[in-house]
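Please read it with the structure open.

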Amino acid sequence: MRDGFKVIDADAHLQEPDDLWSEYVEPEFYDRRPRVKEYVGKTFFRYEEGNELFPKEPEAATAPGGVAPGSTTSALFSSPRFVRDQETKYGHAWEATWSPESRLKDMDSYGWDKQVMITGAGSVINRVGKSDVDPALVMALARAYNNWAGDFASTDPSRLKVVVTLPTADVEQQIIETRRCVERFNAVTINMPSPKGESMWHDEHHQALWETCVELDLPVSLHGTNGVGPDVRRRYGHLKGSFVALTHVLGNTLEDMMSLAHFIFTGILEKHPDLRISCLEGNAGWVPFWVSRMDDHVVGRQSVFDDESILPLKPSDYFFRQCFVAADGDEGALNFATQWTKGERIVWNTDYPHPDAPDPDKALADLLAQPISDSDKRKILWDNPVQLYGNRILT
């Protein structure tokens with residue numbers, strides 16, 4: 001709690017240890033596990049190459065949006081500055097290599113009551129979904145990751161909230177892992193990956209996943225994830241210099257906007273009126289423009305593009321019924337977005353402990369300094385995330 005406000009951090013991150021795969025991969029897959037050869041700045045992994053997960057393919061490092069074979073990083077994270085200041089920024093937590101105890105200490109110091117913990121900067125391996133990788137291995141890695149996350153949160157499960165990390169995989173396997181994590185770890189949301197192959201989220205075979213989420217009262221988190229390729233970051237993701245900043249400007253925000261529109265325009269939210277979704281780590285200042293623009297394409301002058309709309313409601317109706325967007329405390333347009341939404345549907349995040357996150361001592365202070373009412377601050381910091389995540393966030 002801070003200055004009388006109860007606080008839920010709706011989108012923080014875990015930071016994986018370099019022995020995760022050695023400690024948590026099931027015996028059947030142990031010899032095929034990722035092998036960490038370098039832990040860069042206690043932030044990124046570099047893996048041994050020449051195996052089914054990281055084959056030696058030099059061209060992958062220069063392909064648009066490509067990731068070097070033995071790395072979880074692309075040009076977007078190649079700047080030495082990106083990890084250089086981590087020790088200064090996070091102090092004891094960095095020294096403790098991101099232990100649950102160091103996190104809880106920071107939460108106490110900065111007034112964060114609860115944190116929803118999305119995967120960290122070393123977790124790209126969990127989103128391996130290439131057709132040439134054994135699906136059984138991909139799911140084993142997902143289980144290993146989620147088991148580690150569950151153990152991490154068990155230090156204080158009332159404050160540290162687990163997220164189901166799903167790989168790009170068959171929907172049936174995603175459902176099995178979702179149910180397991182809810183039953184075993186009381187997970188509060190799923191971190192939705194991109195669809196497999198040529199499929200899209202509105203395809204019929206995905207409906208079972210949305211139905212499962214409704215049954216479990218489990219929201220879907222869209223963390224800069226694209227509902228159909230190619231990812232916008234592929235335009236510049238292989239280039240360095242000023243293109244690194246440009247890639248990040250585009251990244252999560254545009255993918256969040258497009259994914260939100262996909263859920264609305266393809267009828268997923270119409271078909272599943274109790275399904276809740278959130279757009280995370282992409283700011284909230286775009287909400288008035290984007291939701292209004294979507295409305296104009298259904299009931300306004302730009303509806304001329306569609307004679308066969310399947311939407312009986314306006315996109316804004318679906319937004320205010322089922323959608324949430326995470327804001328940074330220092331956003332310049334947050335005041336306008338809050339006014340437009342009347343304080344509804346916006347949650348707050350720290351992005352802790354990422355290198356580009358707000359300094360931890362400023363993240364909440366910046367939100368509290370915004371020129372918005374105390375009533376709206378209470379909604380953003382507590383009421384809205386409780387609506388988003390449901391009763392599990394309160395246990």
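The points below run from the overall fold down to single residues.

1. **Basis.** This is a predicted model, in which local features need pLDDT of at least 70 and side-chain atom pairs count only at pLDDT 80 or more, while totals for chains, interfaces and linings use all residues. Residues are numbered from 1 along each chain as its sequence is written, and side-chain values use heavy atoms, with hydrogens and water left out.

2. **Overall fold.** The protein has 15 helices and ten strands. Both are DSSP runs numbered from the N terminus: helices are H or I with at least four residues, strands E with at least two. The radius of gyration is 20 Å, close to the 21 Å from the globule rule for 395 residues, so the protein is as compact as a globular protein of that length. That radius is taken over C-alpha atoms, and the rule is 2.2 Å times the number of residues to the power 0.38. Along the principal axes, the C-alpha trace spans about 55 × 50 × 45 Å.

3. Buried residues account for 57% of the 395. Buried means under 20% relative accessible area, exposed over 50%, and partly exposed in between (1.4 Å probe, protein chains only). The protein exposes about 16,500 Å², with carbon and sulfur atoms supplying 51% of it. Of the contacts (heavy atoms within 4.5 Å) between residues at least 6 apart in sequence, 74% join residues at least 24 apart.

4. **Helix α6.** Because 15 of its 19 residues are buried, α6 is largely enclosed by the rest of the structure. Asp134 caps the N-terminal end, with a side-chain oxygen 3.0 Å from the backbone nitrogen of Ala136.

5. **Asn226.** At 9% relative accessibility, Asn226 counts as buried. Its side chain makes a polar contact with the side chain of Ser194 at 2.8 Å. A polar contact is a pair of N or O atoms within 3.5 Å; within protein, one must be able to donate a hydrogen and the other to accept it, and residues adjacent in sequence count only if both atoms are side-chain atoms. The Asn226 side chain also reaches the backbone oxygen of Val228 at 3.5 Å. Leaving out residues up to four places away in sequence, Asn226 touches Ser194, Pro195, Trp201, Asp231, Glu255 and Ser259.

6. **Cysteines.** The disulfide count is zero, with a cut-off of 2.5 Å between cysteine sulfur atoms. For Cys213, the nearest cysteine sulfur is that of Cys181, 12 Å away. Cys213 is buried at 1%. The sulfur of Cys323 lies 6.8 Å from that of Cys279, its closest, which is too far for a bond. Cys323 is buried at 0%.

7. **Backbone points to check.** Tyr352 and Pro353 are joined by a cis peptide bond, with omega about 0 degrees. Pro353 lies in the loop between β10 (346-348) and α14 (360-368). Thr97 is not a glycine, yet its phi is positive, near 50 degrees. Thr97 belongs to the loop between α4 (92-95) and α5 (100-110) and is partly exposed at 31%. Lys342 also has a positive phi, about 60 degrees. Lys342 falls in the loop between α13 (334-341) and β10 and is exposed at 61%.

Terms used: Areas by Shrake-Rupley, 256 points an atom, 1.4 Å probe, with all protein chains shown as cover.
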